[in-house]
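Visitor: I would like to learn how to read cavities and sheets in a model. Could you take me through them?

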Amino acid sequence: MDTAARVMVVDDERGICQNVEKILSRSHYEVVCALSAAEALERMRREPFEMLISDIVMPEMNGLELLKQVKKEWPATKALMMTAYASTDTALKAIRLGALDYVAKPFTPDELRATVGKAFAGELTPAAASDAEIEAMEVIDLDIPFDPAEVARATGEAYVKTLGPSDMPVIEVKISEKVENYCEVGEMVCDIFKKLGATCKAGTKSHACPQKKASKKGKAAAAETVDVAQLVGIDMPFRYDEVVAITGPEYVQNLQHEGVSFVPYDELKQNVARMLGHEQGDIDVDMPFNRDEVEAAVGASFARNLGPSDMPLVEVNLPEAAAHFCSVGEMVCDIFKKLGASCKAGTKSGVCPQKKGSKKGKAAASTAPDVARLIGIDMPFDFEEVVAAVGREYAMNLQPDGLSVLPYAQLKEKWARSALPEAVATSVGTAAGAAERRMLVIDDEVAVNNNIRKILARKEYRVDQAVTRDEALERIAKTPYDVVMLDLRIPGVKGLELLEAIRRQQPAARVVIITGYASIETAVQTARMGAVAYLPKPFTPKEIRGAAENALRFAA
C-alpha cells in the first residue's frame with residue numbers, strides 16, 4: 001500500500017484498545033481508538049477508514065448494532081468483530097451482517113495481525129446476505145435477550161442505554177472534587193500520602209497498598225487455626241466432639257453429606273432383633289422378613305423355596321419322558337420320531353432347526369416399517385395412514401398419551417375464523433393454505449428427525465425427511481424447499497458437502513444448521529456459505545420453530 005490503511009478500533013475497555021493499537025501500529029497501520037460505538041460513528045463520519053475492528057459486548061450500542069450501521073453507511077468498509085463472550089449465535093450474526101471474521105478474546109498479536117492481513121489481502125470473503133435478512137436480524141446482546149424497544153417502553157430510554165452485560169445498568173459516578181490525601185493505589189484516604197504528599201514507593205512499584213496488605217496479614221494471623229483432624233468431614237466442617245456431645249456417637253457416625261443421619265440397614269436389623277429379644281433370622285437382603293415368622297404363616301417348604309422375587313421356586317418333575325421329546329428344541333419333534341434321536345444340525349449347533357426355520361419365515365413375511373414415516377419414536381404409527389383415518393389436523397397435534405391437543409394460538413385463530421362471515425372465513429382459510437411452506441430435515445438420528453418434523457408440522461409446514469447422504473442429495477435434486485434443517489455430521493458426508501449441494505442447486509433455500517458438535521469455527525464457516533441460523537443440540541421446540549420462522553422471513 002502507498003499509504004497506511006486506517007483502522008478504527010472500538011472497545012469500551014481502554015486497555016484492549018491500546019493493546020490492539022500497539023499491535024497493529026507495528027505492522028504500519030494507522031489506528032484510531034474509540035471507547036464507544038457513538039464515538040466511533042462520529043469519528044467515521046468525519047474521516048475515512050478502511051477497516052472497523054469492534055468489540056461486541058458494549059453498553060449503549062453493542063458491536064453488532066454498530067456493524068449493522070457501519071455496513072449500511074459505508075458498505076465498502078471491511079469489518080472484524082472481537083469478543084470475550086464468544087458464542088455460535090453472535091458468530092453467525094456477525095458474519096451474516098458483513099463481518100469478514102470473528103475473533104474470540106483473548107487472542108495473540110500474531111493471530112490479530114494474520115486476520116487483519118487476510119482481510120486486506122482479500123482472502124476473507126464476506127457472506128452474501130439479503131437486505132431483508134440484515135434488516136430483520138435482531139442484534140441485541142446475546143446475554144441480554146430482550147427487545148430494546150420493549151424494555152425502553154417499560155423502563156425508559158436512559159435505562160436501556162446504560163444496560164451492561166450483567167443486565168444491570170452501568171452508572172458512572174463522578175466525584176465533584178478530588179478528596180484530600182486520596183491515594184489511587186489503595187483507593188482510600190492514606191496517612192502515608194498525607195505525610196509524603198504522594199503515593200508511597202512500595203505501592204507505586206507493586207500497585208498494591210502496603211497498609212491493606214499488612215491489615216490482611218494481621219487478620220489471618222489472628223484467626224484461629226482449625227484442626228481438620230477434629231472435624232466430622234471435609235464437607236461437614238463441625239467439630240466431632242461437639243456434635244457427639246449434643247446428639248450422640250451413633251448419630252454422628254451415620255451423618256450423610258446433606259446433614260441427615262441414616263442408620264445402615266444391617267445395623268438397623270440388629271437393633272430390631274435385639275429389641276425383639278432373639279437373633280436375626282432374615283431370609284435375604286432383598287426380603288427382610290424373619291424366616292421363623294414366614295414359616296409359621298405359610299409353612300417350611302414355602303419359606304425354603306423363596307426366590308428374590310418373593311415367589312417360591314417350585315421344581316416340577318415329570319413322571320416319565322414324553323415320546324419323541326427333543327431336549328434341543330424342547331418339544332415333541334417329527335425328526336426325532338423318524339431318526340430316533342435329535343437331528344445332527346441341532347446336536348451340533350444347540351439350536352432347533354425347525355424353530356429357527358419358523359422364525360426366519362415369520363421375519364421374511366413381516367414388513368419392516370419405514371421409521372421416517374412414523375409420527376414419533378413414542379407413537380409408532382404411519383403418519384399418512386393416521387391422516388387418512390382421522391385428518392391432518394388431528395395427527396399433527398397428537399401427544400404421547402394418544403390425545404390430540406390443539407395449540408392455544410391455533411385454537412384462538414380457529415375460533416376467530418369461525419366468528420367471521422362465511423365468505424370472509426373462506427378467503428382467510430384459502431390464504432392460510434396457500435401460504436404453506438415446504439421444508440426438508442436432514443439428520444441421521446431418526447428420533448431427532450421425527451421430532452423436528454412433528455414440531456414443524458404443527459405449524460402446518462409441509463415437512464420432508466432424509467436420514468442418509470444419498471436420500472438427502474436425491475431430495476435436494478428433485479424438490480424445491482423454502483427451508484432446509486441440516487445436521488453437520490452424517491455418515492458418509494465429507495465436510496460441508498451437503499451444504500455446498502444445497503447452495504449450488506437451491507440458492508433460494510434458507511439453511512438452518514443443527515448440530516451436536518457446535519463450534520465458533522463451523523458457525524463462521526457455515527454463515528459464509530449461506531446458513532441463516534445455527535442451533536446446537538439439544539434444542540427446544542420453541543427454538544426450532546423460531547429458527548424456521550426467522551428463516552422464512554429471510555426467504556426469497
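The dialogue below takes the cavities, then a sheet.

Guide: First, the ground rules. This is a predicted model, where local features need pLDDT of at least 70, side-chain atom pairs count only at pLDDT 80 or more, and totals for chains, interfaces and linings use all residues. Residues are numbered from 1 along each chain as its sequence is written, and side-chain values use heavy atoms, with hydrogens and water left out.

Visitor: How many cavities of 30 Å³ or more does the structure hold?

Guide: The general idea: rolling a probe the size of a water molecule over the atoms shows where empty space is left. A cavity is a set of points, on a 1 Å grid over the protein atoms alone, where a 1.4 Å probe fits but cannot get out. Here there are 2 cavities of 30 Å³ or more. Volume is the space filled by probe spheres set on the points, which are joined across faces, edges and corners.

Visitor: Which residues line the largest cavity?

Guide: Lining residues have an atom within 4 Å of a point. Among them are Leu486, Asp487, Val493, Gly495 and Glu497. The lining divides into 6 nonpolar, 1 polar and 2 charged residues. Nonpolar covers Ala, Val, Leu, Ile, Met, Phe, Trp, Tyr, Cys and Pro; charged covers Asp, Glu, Lys and Arg; the others, Gly among them, are polar. Strand E18 (483-487) and helix H26 (497-505) each supply at least two lining residues. H26 gives the most, with 3. Helices (H or I, at least four residues) and strands (E, at least two) are DSSP runs, numbered from the N terminus.

Visitor: What lines the second largest cavity?

Guide: Ile375, Phe383, Ala395, Met396, Arg453, Lys454 and Ala457. They split into 5 nonpolar, no polar and 2 charged. H24 gives the most, with 3 residues.

Visitor: Now the sheet. In what order do the strands run?

Guide: Two strands pair if DSSP finds at least two bridges between them. Here 5 strands form an open sheet, ordered E2-E1-E3-E4-E5, with parallel pairing. Strand E2 (30-34) and strand E5 (101-104) are the edges, each pairing on one side only. The twist averages 20 degrees from one strand to the next. Angles run from 0 to 180 degrees between N-to-C directions, and axes are lines fitted to C-alpha atoms, for helices over the stretch in contact.

Visitor: How many bridges join E4 and E5?

Guide: Strand E4 (residues 78-83) and E5 pair over 4 bridges, in the parallel sense. Thr83 has Ala104 in E5 as its bridge partner.

Technical notes. On a 1 Å grid over the protein atoms alone, a cavity is a set of points where a 1.4 Å probe fits but cannot get out, and a pocket is an open set with protein on both sides within 12 Å along at least five of seven lines; lining residues have an atom within 4 Å of a point.
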